[in-house]
Amino acid sequence: MPASDTPLDLDDIQGILLSGYGELPQAGFLMLAFGEPGRARDWVGEVAAGIESAAAGRPGGGQRLHLAFTWAGLEHLELSWQALKGFSREFREGIAGSPRRRRLLGDEGDSAPERWQWGGPAGATIHAVLMGYAATPEALDSLLADQRQALAAAGIEVVAALESQPLADGREHFGFRDGISQPKLAGVSTSDDPRQLVAAGEFILGYPNARDQLTMRPLVDPIEDPDNLLPEVAEDSDLHDLGRNGSYLVFRQLGQDVHRFWSWLYAATPDREARLALAARMVGRWPDGEPLVKAPERPAGEGTDNDFGYHHEDADGLKCPLGAHIRRTNPRDMLPPKPGTEDSLAINRRHRLLRRGRAYGPPLAESLAPDDLLAAGNDGVERGLHFLCLNADISRQFEFVQQTWIDNPNFAGLHADTDPLVGARGDGRATFTVPGEPVRRRHHDLPRFVRVHGGAYFFVPGLRALRYLAAPPRRLTTEISAPAAPAILLPDTWWLRTGRTLNRALEAGVSLSRRATRLRNGVDRLLQQPATDALQGWILRRRRKHAIDADLAIAEERRLPGEGEVTRRITEQMSDFLLRTYRQGTAERAGNTKTYGLLAAEFEVLELPDELRCGLFAEPRRFEAWVRFGGPGPRVTPDIRNNGVLSLGVKLLGVPGETLLDDEAHTQDFSGISAPTFTTPDVYENAKLQRLIGAGLPIWYFLNPFDSHYLDMLLQALYAKAHGSPFEANYWSCVPYLFGKGRAIKYRFVPLLERRSQVPLPAPDDYLRRAMVRTLGEVDEVVFEMRLQFQEDPVTMPIEDASVIWTSPEIPVARLRIPRQAFDTPERDRLARELTINPWHALPEHRPLGNQNRARKLIYYETSRVRQRINGEQHFEP
């Protein structure tokens, strides 16, 4: 369905998205800070009941209320992290959230956030804005008075109350008609001018945008919306759509120095007619709104015409200067590379804004006539514009317009011209160029006429989303208690009960064999490597015979059919396991479950040759790190009874650049297990194993004669054993990663500790942790060497098959140093639960490869969020 044909769910859209409420000239805005989250949610529910939807149409009078939230406000309402991370980065950071954004928006000097009246870093945190509209001042006062009473009862503070004051004839304080050129929503507007029609998805989330795509928006898992308050995702997904029918609201309080504006014009040209013409050229319209493109010399009295372009009518800016305000904020058909064409208009549509601004403060002169404004002098009263605009993509729309068009001194081939009306001036004053024949004229020393006094980014939810925000968050646990019975994902029949009994018997036999550690170590020295080579030879013969992956290049992936659905099923099974197993207790990880210890460490990149200098390894340096040593899953068991495969997770801190997974910045994670192959070769087989684990029959995965996995079982058995200490095991990545462009690697962490600990008999349940404590009490540091292997052949060193061991040479690239420390503490154990290790916390140069890694991105992310919800924890970014 084309974007323009997608019907809007008007009953779920707040009315402010489709109407600026010109019939309600009185408006007030209350900036709010929530108190106790539960009381705040109750208040949201009360307000939501009184908010009109877009289906109500334009108001004929009366009053309207609307509500929007900042990122901090949604977080304060205890919205889940899964939902919070779905909002855009710009919204999460906030309008004053970084020095880069301040520079980008021109919020420096007198407009710096530190000087703001509200919304800046020195002020109170803004959680929401309540917007009230009414036909008369008395109606607005009554509306806001009632709301203030309800806010006080809910323990919500009014941080700032922003009033507005309508000006005569729809003008703004400089004296010009405003709000003339608004985009028209395709599928809603009856306009027949295709130049003004813009896809609704440019402003309302959940609908196709100008590229016929859906803009990123927050989604939640159905387990977090058990009452189905939210609409389902329109795409092929089971998720629920928190963002649909919502929009991002940019709110900036812009102070206008009217006296300075007209005084500068008087200094530039005392002649009355010339002064008015220069003011019109700075704006792009005459004070009555008539565009210069239609009336370049003097107003022709044709009114606020919006039916024009720039390229064919005025390509050189001789009528309306290239840098004029309205030409910058809406360039229409003048954009390269093909000005004057539909392509140029299409580019322009992707940067449009729905403006909902209101003037505030009394006019400098009641008439707003230029001569009267000039004669009025400076009264010292603050006045300006509450700039409000709606857009679905803050970066591509508002921030792009502000940086690339308004504050760009080189816009349209100019040299040192920012927007003459609202632009920032940087380190000095700007110029304004008026093209002319035979020569142009440049006006110098434009001061800044508009300053920022406050601002914030808000999210305007749909009405169903408002009801969701008002509902108590789903509590998955209360007090810590013993785990519940294991999940059962298959019917509980007699043959399954028999199979579980056999499974338990086999597990008991394996556990018994763990006690023969001396014998096992001797066998390993004799047979482990020859047996591994033989099994690998068997696997590789098949791959060579059928030329499996021979058509792939080095580091090239092949997505498996149905891979996404299989990954989703695994995620659901593991999440369900966590919810059932720990529904009344402290949740552990669904895999690599038991924590032997979380230790502070240092990751030292070695001096490397040029061909190995890539990404994290670009230069010798040291990173602080956390290292988690863990055991298998899915349950916590005594060490001697685990399946004999240990795990290692490493999180590097302060890594330059941003990671592929945007819930953390500047971290790089590595993970490995004490076996060179995964239990399953690919994500399909992993789905089978997870289902059988949930049914209590994991051994059936290997022994099922109709779908046997004997080679995988033997490979695992060669390395699964009772270890003496996690410090003495090798840890293989098992799956590949990029190493720059066109190269793939696997890695191994090799212990350099010379000692070999024995397994104590009888073995305490936590003997592995005790071994680590003992070692760190006797040595100054434990060191692992990180070694890389490069892929040399796609058949014998595949990307998509985790049962194949690569045979290329290993190259040392780094050392992981773990100093002496006390880690056996409740605080460190809690931190270990909160810490999330995900291979997608990685620089783009080291992107995870292969179907197992692609699956881990979703599985690790979603199960970690379920675990955090059960434990009442937030995502922890060290």
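A search of the whole structure, a predicted model, finds five cavities of 30 Å³ or more. Here a cavity is a set of points, on a 1 Å grid over the protein atoms alone, where a 1.4 Å probe fits but cannot get out. Grid points are joined across faces, edges and corners, and a volume is the space filled by probe spheres set on the points. The largest cavity holds about 80 Å³ of space. Its lining, defined as residues with an atom within 4 Å of a point, consists of F617, Q668, D669, F670, Y737, L738, F739, I745, Y747, M786, L788 and H846. By class, nine of these residues are nonpolar, two are polar and one is charged; Ala, Val, Leu, Ile, Met, Phe, Trp, Tyr, Cys and Pro count as nonpolar, Asp, Glu, Lys and Arg as charged, and the others, Gly among them, as polar. At least two lining residues are supplied by each of β19 (665–673), β21 (737–738), β22 (744–751) and β23 (781–790). Strand β19 gives the most, with three residues. Helices (H or I, at least four residues) and strands (E, at least two) are DSSP runs, numbered from the N terminus.

Residues are numbered from 1 along each chain as its sequence is written, and side-chain values use heavy atoms, with hydrogens and water left out. In this predicted model, local features need pLDDT of at least 70 and side-chain atom pairs count only at pLDDT 80 or more, whereas totals for chains, interfaces and linings use all residues.

The nonpolar cores were examined next. A nonpolar core is a set of buried Ala, Val, Leu, Ile, Met, Phe, Trp, Tyr and Cys residues joined through side-chain atoms within 4.5 Å; buried means under 20% relative accessible area, exposed over 50%, and partly exposed in between (1.4 Å probe, protein chains only). The largest core has 103 residues, of which W43, L67, F69 and F261 touch the most other members. Helix α8 (residues 272–283) contributes the largest share of this core, seven residues. Apart from residues up to four places away in sequence, F261 touches F174, F176, A279, M282, L421 and F449, where contact means heavy atoms within 4.5 Å. A second, separate core comprises 65 residues, including L540, A601, Y747 and M772. In soluble globular proteins, nonpolar side chains tend to be buried together.

Residue Y747 of the second core also belongs to the lining of the largest cavity. T796 is found in the loop between β23 and β24 (811–819) and is buried, with a relative accessible area of 16%. In helix α22 (residues 826–834), the buried residues are R828, L831, A832, R833 and E834. These buried residues pack against β16 (595–605), β17 (622–630) and α23 (851–871).

C389 is buried, with a relative accessible area of 0%, and C614 counts as buried at 9%. The disulfide count comes to zero, a disulfide being a pair of cysteine sulfur atoms within 2.5 Å.

Several backbone features occur in loops. A cis peptide bond joins P336 and P337, with omega about 10°, and P337 lies in the loop between α10 (325–329) and α11 (342–349). The peptide bond from E437 to P438 is cis, with omega near 10°; P438 is placed in the loop between β13 (430–434) and β14 (441–446). N245, although not a glycine, has a positive phi of about 70°. This residue is found in the loop between β8 (240–241) and β9 (247–256) and counts as buried, at 1% relative accessibility. A547, a residue other than glycine, has a positive phi near 50°. A547 is found in the loop between α16 (517–545) and α17 (563–581) and is partly exposed, at 42% relative accessibility.

D372 is found in helix α12 (residues 370–376) and is partly exposed, with a relative accessible area of 37%. Leaving aside neighbours within four places in sequence, D372 is in contact with A365 and S367. D372 and G175 are 197 residues apart in sequence, and their C-alpha atoms are 10.0 Å apart in space.

Notes:
On a 1 Å grid over the protein atoms alone, a cavity is a set of points where a 1.4 Å probe fits but cannot get out, and a pocket is an open set with protein on both sides within 12 Å along at least five of seven lines; lining residues have an atom within 4 Å of a point.
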